[in-house]
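Please look over the structure below. A short report on its fold and on selected residues goes with it.

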Amino acid sequence: MFHYDLIVIGAGPGGYTAALRAAKRGWKTAVIERREVGGTCLNRGCIPTKTLLHASEIAAGIRGGRFAQQVRLDMAAMLTRKRQVSAQLSGGIETMLRAEKVKLLQGNATVLGPSQVRLTGENEQVLTARHILLATGAVPARPPIPGLDLPEVMTSDDLLENGRLYQSLIVIGGGVIGVEFATFYADLGCQ
């Protein structure tokens with residue numbers, strides 16, 4: 001007898017959507033997540049950067065106009081708002097999972113075999129399932145560039161949390177996240 005019909009490892013958009021679909025079909029389902037529910041886009045990608053972009057666009061608009069003098073940027077407040085938006089959306093996903101009776105387990109998962117997963121963390125245990133789905137998501141790429149180990153070199157995850165304004169910044173990578181960071185910091189006066 002299995003603990004679950006489906007164990008999904010990863011609660012990003014692929015993982016939580018699959019878990020919800022399985023649960024709606026009557027499958028006893030669990031999701032294992034080591035970080036925040038919602039994955040990279042919701043917590044460390046497009047949603048946080050778009051929240052910051054909205055704030056920087058407002059600041060740039062005020063600074064560029066003739067409606068205000070000596071505008072002071074509050075980076076801590078921008079980061080707080082970014083965290084609030086992500087937390088609210090993540091909480092909504094958790095609510096959907098609970099409504100469909102999907103068990104959300106926090107911790108690291110290791111696939112031991114075709115039907116076994118070890119959960120480590122607060123509730124260390126071995127779980128079994130008829131099916132296991134790996135939906136582990138993405139992490140920032142660190143290309144093999146000399147100097148990446150220097151103290152001021154950061155990933156997008158690091159940049160989202162450090163709360164510093166910079167006089168100058170180089171963004172390596174012209175994908176969505178890179179362009180959004182470049183735009184955000186340029187709006188704030190960074191070269």
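The report starts with the whole chain and then turns to single residues.

## Basis

This is a predicted model: local features need pLDDT of at least 70, side-chain atom pairs count only at pLDDT 80 or more, and totals for chains, interfaces and linings use all residues. Residues are numbered from 1 along each chain as its sequence is written, and side-chain values use heavy atoms, with hydrogens and water left out.

## The chain as a whole

The protein chain holds 6 helices and 6 strands. Helices (H or I, at least four residues) and strands (E, at least two) are DSSP runs, numbered from the N terminus. Along the sequence the order is β-α-β-α-α-α-β-β-β-β-α-α.

The radius of gyration of the protein chain is 20 Å, whereas a compact globule of 191 residues would have one near 16 Å. That radius is taken over C-alpha atoms, and the globule rule is 2.2 Å times the number of residues to the power 0.38. Along the principal axes, the C-alpha atoms fill a box of roughly 70 × 40 × 25 Å.

Burial covers 35% of the 191 residues. Here buried means under 20% relative accessible area, exposed means over 50%, and partly exposed lies in between (1.4 Å probe, protein chains only). The accessible surface of the protein chain is about 11600 Å², and carbon and sulfur atoms account for 55% of that surface. These areas come from the Shrake-Rupley method with a 1.4 Å probe; for residues, only the protein chains shown count as cover.

Contact means heavy atoms within 4.5 Å. Of the contacts between residues at least 6 apart in sequence, 61% join residues at least 24 apart.

Charge is next. The protein chain carries 21 positive and 16 negative side chains, and the centres of the two sets are 6 Å apart. Lys and Arg count as positive and Asp and Glu as negative, while His and the chain ends are not counted. Each charge is placed at NZ of Lys, CZ of Arg, CG of Asp or CD of Glu.

## Helix residues

L53 sits in helix α3 (residues 46–64). Its relative accessible area is 10%, so L53 counts as buried. Beyond residues up to four places away in sequence, L53 touches E180, T183, F184 and D187. L53 and D187 are 134 residues apart in sequence, yet their C-alpha atoms are 8.3 Å apart in space.

K82 belongs to helix α4. This lysine is buried because its relative accessible area is 2%. Setting aside neighbours within four places in sequence, K82 is in contact with P48, T51, L52, L160 and E161.

## Strand β6

T128 lies in strand β6 (residues 125–134). With a relative accessible area of 14%, T128 is buried. Its side chain reaches the backbone nitrogen of H3 at 2.9 Å. A polar contact is a pair of N or O atoms within 3.5 Å; within protein, one must be able to donate a hydrogen and the other to accept it, and residues adjacent in sequence count only if both atoms are side-chain atoms. Leaving out neighbours within four places in sequence, the contacts of T128 are M1, F2, H3, Y4, I7, S115 and Q116.

Q125 is also in strand β6. At 31% relative accessible area, Q125 is partly exposed.

## Loop residues

K101 lies in the loop between α4 (75–99) and β3 (103–106). Its phi is near 65°, a positive value in a residue other than glycine. K101 counts as exposed because its relative accessibility is 72%.

P143 is placed in the loop between β6 and α5 (156–162). P143 is partly exposed, with a relative accessible area of 37%. V139 lies in the loop between β6 and α5. V139 is exposed, at 63% relative accessibility.

## C-alpha pairs

| Pair | Apart in sequence | C-alpha to C-alpha |
|---|---|---|
| P143 and I172 | 29 residues | 9.6 Å |
| Q125 and A109 | 16 residues | 9.9 Å |
| V139 and R44 | 95 residues | 9.3 Å |
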